[in-house]
Amino acid sequence: MEITAAALSNDPSGELHQAKTWEINHRGRGCNAQLAKKMGVQRYILPSSCSVYGFQEGVLNEETSTNPLTTYAKANLKAEQDVLPLADDNFTVVVIRQATVYGLSHRVRFAHCDQWDGQRLRAKREDPGSSR
Amino acid sequence: MVKDFVQNGKIPVLRDRTQWRPFVPVEDTSHAMMMLLEADADVINGEVFSVGSNVQNVQIMPLAQLVAEACGLPFEYEWYGNPDVRSYLVSFQKIADKLGFECLHALKTGAKEVFDAIKSGDVDPDDPRWITVKWYKNLMEMHDFIKGIEIDGALL
């Protein structure tokens, strides 16, 4: 079984390191899933993010069309689209879209107020990664 | 929010305060992954699950008030940023229905745990590792610095 928990994490860092975010979060994880299948792993979990929903009216669920707004969110959605078709009788694939994770851990996360402003502005600009 | 509340006595609230966000406790999202490792393949194969709790979709101002309550301190806040248009509500019904998943930890207890850890000194709020974007920047600067001064791949 495999859970690909390694990736560049969160919207602001995804905007700062766009090329690496595509490389690791999208292609790296897609590649990991393919290798896992090839090596006979039976179950694969991709941790994705509720950020793939973007901002929409109403209550969103797994059937709602996605609207990823940042590089981080777009790379998550692309990774989902790469790994889900690998599912078959011998290789179980499941995607989880996590809400914003909080709480005490060995690697606790604190928000940095400045980063949201910067990210909001950057997200408005055309994202070079979106053409991939 | 907890970090700023402890350090500055005020919780920073992003304008305009009515935006909705979904949250999930770190313990519960880990638990969801463990459940998925053991669930029947027929139920989960090829599926997407949102992981969180319907009741942990919260608006930013009530969240700030809840954090203050958790810390047991009078609520004080300060505005920051331009009005945030990013608002969304997510249903977490599918994972509840299909796997019986529910979050066992609440926002208030999560905030209290972080508050206590900072107060007791278990967590240093100024450790650069805790703010992801700053930490990545820090690592790259250190990397450049070390590359600039090392001789034959060694510092000493």
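Chain A holds 4 helices and 5 strands, and from the N terminus on its elements follow the order β-α-α-β-β-α-β-β-α. Please keep in mind that this is a predicted model.

**Chain A in brief**
- Chain A has 132 residues, and 47% of them count as buried.
- Among the contacts in chain A with a separation of 6 or more, 68% join residues 24 or more positions apart.

**Where the chains meet**
- On the chain A side, 45 residues are in contact with 53 residues of chain B.
- The elements of chain A that give two or more residues to this side are α1 (11-16), β2 (43-49), β3 (59-60), β4 (92-98), β5 (100-102) and α4 (113-124).
- The most comes from β4(A), with 7 residues.
- Sorted by class, the side of chain A that touches chain B has 24 nonpolar, 13 polar and 8 charged residues.

**Strand pairing across the chains**
- β4(A) pairs with strand β3 (residues 47-51) of chain B in the parallel sense, over 5 bridges.
- Within β3(B), B:E47 is the residue that stands opposite A:V94.

- An open sheet of 3 strands runs in the order β5(A)-β2(B)-β4(B), with mixed pairing.
- Its edge strands are β5 of chain A and β4 (57-59) of chain B, each of which pairs on one side only.
- On average, neighbouring strands of this sheet are turned by 50 degrees against each other, direction ignored.
- Inside chain B, strand β2 (residues 20-25) and β4(B) pair in the antiparallel sense over 3 bridges.
- B:R21 stands opposite B:V58 in β4(B).
- Helix α2 (residues 26-38) of chain B lies across β5 of chain A together with β2 of chain B, and the helix runs at about 70 degrees to β2(B).

**The largest nonpolar core**
- This core has 60 residues, of which A:Y44, A:V94, B:V2, B:V51, B:V67, B:C71 and B:A111 touch the most other members.
- Helix α4 (residues 60-71) of chain B gives the most to the core, with 7 residues.
- What is B:V51 in contact with, leaving aside its neighbours within four places in sequence? From chain A there are A:I96, A:R97, A:Q98 and A:A99, and from chain B there are B:V24, B:T29, B:A32, B:F92 and B:I95.
- A:V94, listed among the core residues that touch the most other members, is also the residue that stands opposite B:E47 in β3(B).

Technical notes
Residues numbered from 1 in each chain as written. Chains lettered and ligands numbered in written order. Predicted model: local features only at pLDDT ≥ 70, side-chain atom pairs only at ≥ 80, totals over all residues. Core = buried A, V, L, I, M, F, W, Y, C linked by C-beta atoms within 7 Å. Buried ≥ 20, exposed ≤ 12 C-beta atoms within 10 Å, placed from the backbone. Contact = placed C-beta atoms within 7 Å. Nonpolar A, V, L, I, M, F, W, Y, C, P; charged D, E, K, R; others polar. Pairing = 2+ DSSP bridges. Axes fitted to C-alpha atoms, helices over the stretch in contact; angles between N-to-C directions.
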